[in-house]
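Please read these notes with the coordinates open. They run element by element, with the cut-offs given along the way.

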Amino acid sequence: MAGKVPESVLKKQATQAKIADQAKQASYEAKQKKRQDKKDAIAAAEKYAAEYKAADEAAIANRREAKAQGGFYVPAQPKVALVIRIRGTIGVSPKAKKIMQLFRLRQIHNASFVKLNESTVRMLRLIEPYVTYGYPTRSTIEKLILKRGFGKLNKQRIPIADNSVIEEGVGSVGIKCCADLIHEICTVGPHFKEANNFLWPFKLTSPRGGFSNKTKLVHFLEGGEAGNRGEEINKLVKRMI
């Protein structure tokens, strides 16, 4: 005759079975959420691609129309700049140092996005000898985030290897995937500040071919490296990624 199973053993078995069921349910829900998130990310990417295509076609149509009428098409002013620090800390004035801290450019070859307005343009002019900046294309923003993107979670630098990192960081403002993050930075959307603060400053390498010591301190318009280089920033970033 089989001995009676102690009540403590029965309770333990019931608890373990309950925990196993909960783990199974959680695993199933996580898989379903991951599948749905993937669908949402693909849908968002397709929606933004259509939006970008329409904007590009509209710009081409406006340019052609202006040319046909004998005029010039003036595109909208850039809304965002990419700022790259190209000089160290020696000889930096306290005011310039403070501005670079505000832009999170604490190390040489650090880069960050800056929303352009009257005050930030004035600040950029004050730190021109120590940085170079310009207007990144959508392609450059995408490459920077996908290749060199790190997010800030609990004050830690976490690589953006998965959309879950973005959702955890800025999901509360509706940015849930890489496509959302790139779109918010490109268009300088209503949650640009949150998106930009979530992105850790990019750590770029020294450009292929390097900077010339003779021209590093000279303004870009005078044949140097520092200051505003407009659309040419994209070529520099390509050499530094």
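**Notes on the model**

1. Strands 4 and 5 pair in the antiparallel sense, over 4 bridges. Two strands count as paired if DSSP finds at least two bridges between them. Helices (H or I, at least four residues) and strands (E, at least two) are DSSP runs, numbered from the N terminus. Gly 151 stands opposite Ile 158 in strand 5.

2. Some ground rules. This is a predicted model, where local features need pLDDT of at least 70, side-chain atom pairs count only at pLDDT 80 or more, and totals for chains, interfaces and linings use all residues. Residues are numbered from 1 along each chain as its sequence is written, and side-chain values use heavy atoms, with hydrogens and water left out.

3. The hairpin turn. Strand 4 and strand 5 form a hairpin with 2 residues between them. Asn 154 sits in that turn, with a positive phi of about 55 degrees, although Asn 154 is not a glycine. Asn 154 is exposed, at a relative accessible area of 68%. Here buried means under 20% relative accessible area, exposed over 50%, and partly exposed in between (1.4 Å probe, protein chains only).

4. Another positive phi. Val 188 has phi near 50 degrees and is a residue other than glycine. Val 188 lies in the loop between helix 6 and helix 7. Val 188 counts as buried, at 14% relative accessibility.

5. Arg 157 and Phe 150. Arg 157 lies over the face of Phe 150, 3.6 Å from the ring centre. The criterion: NZ of Lys or CZ of Arg within 6 Å of the ring centre and within 35 degrees of the ring normal. Arg 138 does likewise with Tyr 52: the charged end sits over the ring, 4.1 Å from its centre.

6. Helix 5 (residues 163-170). Its buried residues are Val 165, Ile 166 and Val 170. They cover an arc of only 95 degrees around the axis, which puts them on the same side of helix 5. The arc is that of the directions from the helix axis to the C-beta atoms. What covers these residues includes strand 4 (150-153), strand 5 (156-159), helix 6 (178-187) and helix 7 (192-198). Contact means heavy atoms within 4.5 Å.

7. The cap on helix 5. Asp 162 caps the N-terminal end. A side-chain oxygen of Asp 162 lies 3.0 Å from the backbone nitrogen of Ser 164. A polar contact is a pair of N or O atoms within 3.5 Å; within protein, one must be able to donate a hydrogen and the other to accept it, and residues adjacent in sequence count only if both atoms are side-chain atoms.

8. Helix 4 (residues 138-148). Which of its residues are buried? They are Thr 140, Ile 141, Leu 144 and Ile 145. Seen down the axis, they fall within an arc of 125 degrees, so they line one face of helix 4. An α-helix has 3.6 residues a turn, so residues three or four places apart point the same way. The face turned away from the buried side carries the exposed residues Leu 146 and Lys 147. The buried residues of helix 4 pack against strand 1 (80-85), strand 2, helix 6, strand 6 and helix 8 (233-240).

9. Strands 1 and 2 run antiparallel and are joined by 5 bridges, with Val 83 opposite Ser 112 in strand 2. Strand 2 (residues 110-115) also pairs with strand 6, antiparallel, over 2 bridges. There Ala 111 stands opposite Phe 202. Strand 2 is mostly covered, with 5 of its 6 residues buried.

10. Aromatics. A search of the whole structure finds 1 aromatic pair. Phe 113 and Phe 202 form that pair, edge-to-face, at 5.5 Å centre to centre and 80 degrees between the planes. Rings of Phe, Tyr and Trp (its six-membered ring) pair if their centres lie within 6.5 Å; planes under 30 degrees apart count as stacked, over 60 as edge-to-face and the rest as tilted. The pair links distant parts of the chain, with Phe 113 in strand 2 and Phe 202 in strand 6, 89 residues apart. Phe 113 and Phe 202 are both buried.
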